[in-house]
Amino acid sequence: MTGGTDEVPPRREQPLRVRWNAGVRSLEEGDGDGPVVAVVPGLGALGYLVDTVAHCGEWTRAALLDVPGFGHRPPRPCRADVTGVADAVERWLDAATGDAPVVLVGHSTGAQAAVHVALRRPERVRSLVLMGPTFPPEQRRFAGLARAYVRNSRREPPGLIPVTWPYYLRGGPRGLARFVRSGQRDRPEDTITGVRCPVLLLRGEHDAFAPPEWVDRLASAAPDGRVATLPGAHTFPYRQGAETAARIEEAARHAHRP
């Protein structure tokens, strides 16, 4: 049920430990009594986020959730769409985190699902980190999304392919298409207005899927929203794991300021 690139981060000699809760597999690092960092990947790919989770594990328990389950063989823990992923993350929080406060982190379509979870479970999610949140209105049609893909691909590192495509192949074209379409139908600019916790929005400086005006719009719509930019394109955490983890830690501290 495990193995492959999903358990081997770019700069680590040992794989993250594997746990199962509520039918959801997670790759985890770290322990402690502090907040639990739960990371929801974009389009079901895990490999580009492993280094970030490993660095978060240096100061707390951090878990990378394998939703919708493209990191292992079927059966899947949920449908490959934003709502299905949000449902699975909510079940995992109840089963795996006890009474610990949660810093919920989502990337890309995972950020869209994370917004829904934070809206539903304000008593559990103390801080929300949205990395490269998708999709701005101009990308909710095929032509706009295709243009963003071309622009963004020019800025992504070549090493990204072997840590993402195994998941996409496992998910299959129908699963991926369903996931993308659900993201295009979702309206995070409306959902985020009801989120009560502090929200940190992170984007790569060359991220064509999350352009600055879109991220600023989401931050303005959130009751307590902040924006930060890191080097890189859409998958900036892949080569900025330590810096991304540091920003997540800052978000956790921000949530507990008096």
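Two strands are taken to pair if DSSP finds at least two bridges between them, and strands (E, at least two residues) and helices (H or I, at least four residues) are DSSP runs numbered from the N terminus. The structure is a predicted model, in which local features need pLDDT of at least 70 and side-chain atom pairs count only at pLDDT 80 or more, whereas totals for chains, interfaces and linings use all residues. Residues are numbered from 1 along each chain as its sequence is written, and side-chain values use heavy atoms, with hydrogens and water left out.

**View A. Strand β2 and its partners β1 and β4.** Strand β2 (residues 24-29) pairs with β4 (residues 62-65) in the antiparallel sense over four bridges, and glutamate 28 has alanine 63 of β4 as its bridge partner. Strand β1 (residues 17-21) also runs antiparallel to β2, to which five bridges join it, with arginine 19 partnered by serine 26 of β2. Two residues lie between the strands of the β1 and β2 hairpin, where alanine 22 takes a positive phi near 55 degrees. Five of the six residues of β2 are buried, where buried means under 20% relative accessible area, exposed over 50% and partly exposed in between, with a 1.4 Å probe and protein chains only.

**View B. The surroundings of threonine 134.** Threonine 134 is placed in the loop between β6 (125-131) and α4 (142-153), and it counts as buried because its relative accessibility is 1%. A polar atom of its side chain lies 3.3 Å from the backbone oxygen of serine 108, and a polar atom of the side chain of threonine 134 also lies 3.3 Å from the backbone nitrogen of threonine 109. Leaving aside residues up to four places away in sequence, threonine 134 touches Ser108, Thr109, Gln112, Pro188, Phe209, Trp214 and His234, a contact being heavy atoms within 4.5 Å.

View C. A search of the whole structure finds zero disulfides, a disulfide being a pair of cysteine sulfur atoms within 2.5 Å. Cysteine 56 is in no disulfide, and the nearest cysteine sulfur, that of cysteine 197, is 16 Å away. Cysteine 56 counts as buried at 0% relative accessibility, and cysteine 78 is buried with a relative accessible area of 14%.

**View D. Residues 1-11 and model confidence.** The predictor's confidence in each residue, pLDDT, runs from 0 to 100; the mean for the protein is 93, and 93% of its residues reach 70 or more. Over residues 1-11 pLDDT stays under 50, although the model has 33 contacts beyond four places in sequence for them. Where pLDDT is low, the predicted coordinates should not be read in detail.

Technical notes. A polar contact is a pair of N or O atoms within 3.5 Å; within protein, one must be able to donate a hydrogen and the other to accept it, and residues adjacent in sequence count only if both atoms are side-chain atoms.
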